[in-house]
Amino acid sequence: MTDAPPALATTADAAPASAERTTMTPRDRLAVGLLLLSTFVVILNETTMGVALPHLMADLRIDATTGQWVTTAFMLTMAVVIPVTGFVMQRISTRATFLTAMGLFSVGTLVCAVAPTFPLLLTGRVVQAGGTAIMLPLLMTTVMTVTPERGRGRVMGNISVVISVAPALGPTISGLVLSVWPWRTLFVLMLPIALTALVVGALRLPNLTEPRAARVDVASVVVSAVGFGGLVYGLSRLGESAEGAGALQAWGPLVVGLAALSFFVARQLRLQTTDSALLDLRTFGSRTFTLAVALMTVSMMALFGTIILLPIYTQTVLGLSPVQTGLLLLPGGLLMGLAAPWVGRAYDRLGPRVLVVPGTVLVSASAWGFATLSASSASWVVLAGHVVLSLGLALIFTPLFTSALGSLPPHLYSHGSAVVGTVQQVAGAAGTALFITVMAAQVASVTDDGGSRVEAAAGGVHAAFLVGAVITLLAVPVAAMLRAPSTQGAPVAPH
């Protein structure tokens with residue numbers, strides 16, 4: 001396996017290779033800035049509804065099983081749409097793609113803000129997710145297209161803020177808002193920002209790539225939807241219902257999803273020989289890309305698993321309120337945001353390995369620390385562990401994103417971005433399912449032995465983090481194998 005995947009003949013490649021540039025033009029800076037702000041807003045929205053679930057249940061008169069669909073449906077839509085974005089971005093202009101994404105997000109946000117019933121709220125969340133799924137790959141592809149090679153780490157550091165900090169801050173902001181206003185306020189506050197970005201994009205966003213016409217492979221779209229959708233849905237169901245009928249219901253979608261993904265991969269391998277794949281898998285011909293995606297998977301599992309477990313522990317075991325929990329986790333989220341630009345500049349000077357190896361060690365150390373939590377642990381232990389986790393993830397995300405996409409030739413940027421976005425959703429669902437499943441099994445065991453509710457919750461969190469800690473250890477030797485990409489996105493001549 002080499003760092004440069006086989007070349008791909010195209011009729012219209014992206015804008016001139018960024019490796020040949022020395023500075024970003026004002027037009028490019030405007031485009032990246034607008035995309036960064038827009039992507040931060042749409043990804044922040046993804047994790048705000050977890051804390052709002054009790055409010056939704058009371059206001060709309062639904063149970064928890066029904067209410068969780070505001071999150072599950074969002075993840076499902078993301079998993080279905082993101083794999084298609086690599087194909088779409090090569091065939092639609094930058095402005096048109098952006099307007100589609102922010103248009104969908106704005107419409108969905110408006111529907112959610114005024115929804116009188118749960119079905120309408122769910123519809124709005126699905127429309128929101130369709131726009132969100134397009135934005136992140138569009139941002140990453142644009143950055144790789146217009147950013148000079150030597151400055152990519154700094155700009156990708158800003159993307160790391162979006163990818164890691166936005167979902168981490170979602171529950172905090174949601175808790176603060178819900179302590180004062182009703183749940184619809186979460187959408188009311190987002191709508192003006194989304195509409196402003198939409199108008200500015202329509203007036204000022206330049207077209208940075210040259211689209212080309214091609215026929216979409218409908219079979220790939222359908223199989224992709226069944227495969228990724230079934231996988232995320234099954235993992236989500238497994239996380240919600242870790243035993244009994246719920247677990248059995250999860251395995252059906254998982255098996256169907258894995259079978260569909262096998263067919264999808266086989267079809268893409270055949271179609272990419274004629275440059276007609278929906279998701280070009282030659283991205284994995286790059287050793288650096290493959291290693292980075294593997295590390296990204298473990299990191300996203302740790303992030304989303306922690307996001308779901310710590311609030312359960314702090315509220316059930318420590319007795320903190322949602323607002324107190326949000327404030328307890330706020331320093332870690334802010335640390336990620338403050339560290340990301342510095343990490344980006346360090347990547348430009350030092351490369352990925354000197355950052356990623358310490359980062360994986362810190363992530364693993366935090367997981368082992370969380371595995372010591374008990375019914376008598378102090379809240380400062382949670383704060384310290386979350387700060388260590390946040391610093392570790394800050395050292396990991398920017399080098400991984402930059403190395404992964406920087407190892408690809410420009411015509412694969414959009415497909416690489418789509419792969420990265422898809423991995424985020426699947427790994428997030430897998431991390432949540434794994435942690436919740438282990439926790440639920442241990443809670444049931446402690447309860448059967450006569451333990452109290454607090455003891456059972458503490459034991460479940462301990463067991464879940466113990467399993468997570470073992471998994472994070474696997475990332476350390478993989479990080480040691482990561483190298484700076486040899487191509488750094490330079491064009492590869494077609495063969």
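A residue counts as buried when its relative accessible area is under 20%, as exposed when that area is over 50%, and as partly exposed in between. Keep this rule at hand as we walk through the structure, which is a predicted model.

In general, side chains of opposite charge can pair when their charged atoms come close.

How many salt bridges does a search of the whole structure find? The search gives 3. Another of them is made by the side chains of Arg 27 and Asp 28, at 3.6 Å from N to O. Try the rule again on these two residues: Arg 27, with a relative accessible area of 42%, is partly exposed, whereas Asp 28, at 0%, is buried. There is also a salt bridge between the side chains of Asp 280 and Arg 282, with 3.3 Å from N to O. Here both Asp 280 and Arg 282 are buried.

Is His 415 buried or exposed? Its relative accessibility is 2%, so His 415 counts as buried. If we leave aside neighbours within four places in sequence, the residues in contact with His 415 are Gly 86, Phe 87, Gln 90, Ala 277, Leu 278, Leu 279, Asp 280 and Thr 283.

Now let us look at packed helices. Two packed helices are described by the angle between their axes and the distance between the axes. Helix α4 (residues 69–91) packs with helix α6 (residues 118–146) at an angle of about 35°, and their axes are 7 Å apart. The crossing of α4 past α6 is right-handed. Which kinds of residue make up this contact? It has 17 nonpolar residues, 7 polar ones and 1 charged one.

Aromatic rings are our last stop. A pair of such rings is described by the distance of the centres and the angle of the planes. Across the whole structure, a search finds 6 aromatic pairs. One of them is Phe 228 with Phe 264: the ring centres are 5.9 Å apart and the planes stand at 75°, so this pair is edge-to-face. Because Phe 228 lies in helix α9 (residues 218–240) and Phe 264 in helix α10 (residues 244–271), the pair ties together parts that are 36 residues apart in sequence. Both of these Phe residues are buried.

The rings of Phe 435 and Phe 465 have centres 5.8 Å apart and planes at 85°, so they too form an edge-to-face pair. This pair links distant parts of the chain, with Phe 435 in helix α15 (residues 413–448) and Phe 465 in helix α16 (residues 453–473), 30 residues apart. Phe 435 has a relative accessible area of 5%, so it is buried, and Phe 465 counts as buried at 1% relative accessibility. Ring pairs also bring in Phe 370, which forms a cluster with Phe 435 and Phe 465.

Conventions:
Residues numbered from 1 in each chain as written. Predicted model: local features only at pLDDT ≥ 70, side-chain atom pairs only at ≥ 80, totals over all residues. Heavy atoms only, no water. Axes fitted to C-alpha atoms, helices over the stretch in contact; angles between N-to-C directions. Helix = DSSP H or I, 4+ residues; strand = E, 2+ residues; numbered from the N terminus. Left-handed = near helix turned anticlockwise from the far one by under 90°. Nonpolar A, V, L, I, M, F, W, Y, C, P; charged D, E, K, R; others polar. Phe/Tyr/Trp six-rings, centres within 6.5 Å; stacked < 30°, edge-to-face > 60°. Buried < 20%, exposed > 50% of the residue type's maximum accessible area, 1.4 Å probe, protein only. Salt bridge = Lys/Arg side-chain N within 4 Å of Asp/Glu carboxyl O. Contact = heavy atoms within 4.5 Å.
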